[in-house]
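Hello,

Here is the structure I promised to pass on. Have a look at it first, and my notes follow below.

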Amino acid sequence: MNSQTTPVHIRLWHHEFWLLVVAGLLQVMAVYMLIPVMPGWLLTDRQLSPAETGLAMGAFALGLYLLGPSCSWLVQRYRRNMVCITAIAAQAACVLLLAYAGPRASLPLVLVHRVAMGAAFGLGQMVILSTLVIDTCESHQRTEANHGAAWFARFALSLGPLCGLAVTALTPVAGRLSPLLARLSPMAAVLVVSALLALAGAALISQVRFPFRSPEECVTILSFDRFLLPTGGVLFANLLLVSMAVGLLLALRLSLVFYALVMGGFLLALLAQRFVFRNAELESEVVSGLILMGAAELILLNYPGNPLAPLLLGTGVGIVSSRFLLFFVKLSRHCQRGTSQSTYFLGWETGLAIGLGLGYALCYPWDGVLIVTSIALTAAALAMYVGYTHRWFLGHKNR
């Protein structure tokens, strides 16, 4: 039986590690809380077309790659924690500038905002995942550290939109209690909270001490180190199909209850990984997770209000994405662990942004077409994994 499990080391979860994973969660929440709110604002307040709205939401993917090639040089040239804190602060600044622009925000300004925020978010997350988390643990704990940090960021897919929708709903109520808050529109309130979450994450990182490390010699300004794993193209493409399917679903008008149930699905996925798939065949996790995602999409198509759909979706997404992360770790060589984390992050976030953008640009407001497209991408991801990716991974893994 070809199985792989992630061990649990209680000593890994020390104070500094907790600070980093919570900081990563807050930074991702700050981005994800805009997903259910910003497109509606662009469509109604800014009077953009669905195609322009999709372009704006998808432009975030471009920004993710702008600073990645310089990630290794930056953390060698400057203190690695300060690079991360500066990137997160820049993300918060981008959000606050959009809040300040408000009614004057044109399509070009929104596009610049989305690209710039993607660049800041991408750099901050790559430094956390590829450097800071790894530097706070022993070498034999690093796989679990990667696994745990990724799970906290994954929780943001539920908690971020929950926060955005909650702020939108509570802003009118808060406005009746305070004249100052009455001046904020729901979108402005969401942007302010997004900036505060990001800054809170930066504050947590500032509490972690990282010893001085001498920079390596001959580090070039542009490189694939801590950015993209050259040998991971097949896994990247397969993960992209999965995350695009999820991104398309995020273009649906989903409720607070839906996102809360997705969080319940994530918790079920954690239990399944620990007990159901503990000694199962390696192939079974991705196959089972994609089947659960497909079942959730079929229920959404035929029974939109059924609570089983978000539960199955969260469970499937949690199982599949977690296993793909470990695949990237196993594919990398010893000195490429950080690069594997950044590659996984880019594959996941790129697919989400592209899927969300295509959902508005091509499928809005036809929910049925959007869900059918998501089903087709999920089926394509399953066919690619069973037909090619799994065998390819077994022949190329290094761990």
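Q47 sits in the loop between α2 (38-44) and α3 (50-63), where helices are DSSP runs of H or I with at least four residues, numbered from the N terminus. Its phi is near 55°, a positive value in a residue other than glycine. Q47 is exposed, with a relative accessible area of 62% (exposed means over 50%, buried under 20%, partly exposed in between, with a 1.4 Å probe and protein chains only).

R226 also has a positive phi, near 60°. R226 lies in the loop between α9 (186-206) and α10, and at 12% relative accessibility R226 counts as buried.

Please keep in mind that this is a predicted model, in which local features need pLDDT of at least 70 and side-chain atom pairs count only at pLDDT 80 or more, while totals for chains, interfaces and linings use all residues. Residues are numbered from 1 along each chain as its sequence is written, and side-chain values use heavy atoms, leaving out hydrogens and water.

A cis peptide bond joins Y364 and P365, with omega about 0°.

Finally, α12 (residues 282-302) has buried residues including L282, V286, L290 and M293. The buried residues of α12 pack against α10 (233-250), α11 (256-276), α13 (308-331) and α15 (367-396), where contact means heavy atoms within 4.5 Å. By that contact rule, Y32 touches A156, L157, G160, P161, W348, E349 and L352, not counting residues up to four places away in sequence.

Best wishes

How values were computed:
Helices (H or I, at least four residues) and strands (E, at least two) are DSSP runs, numbered from the N terminus.
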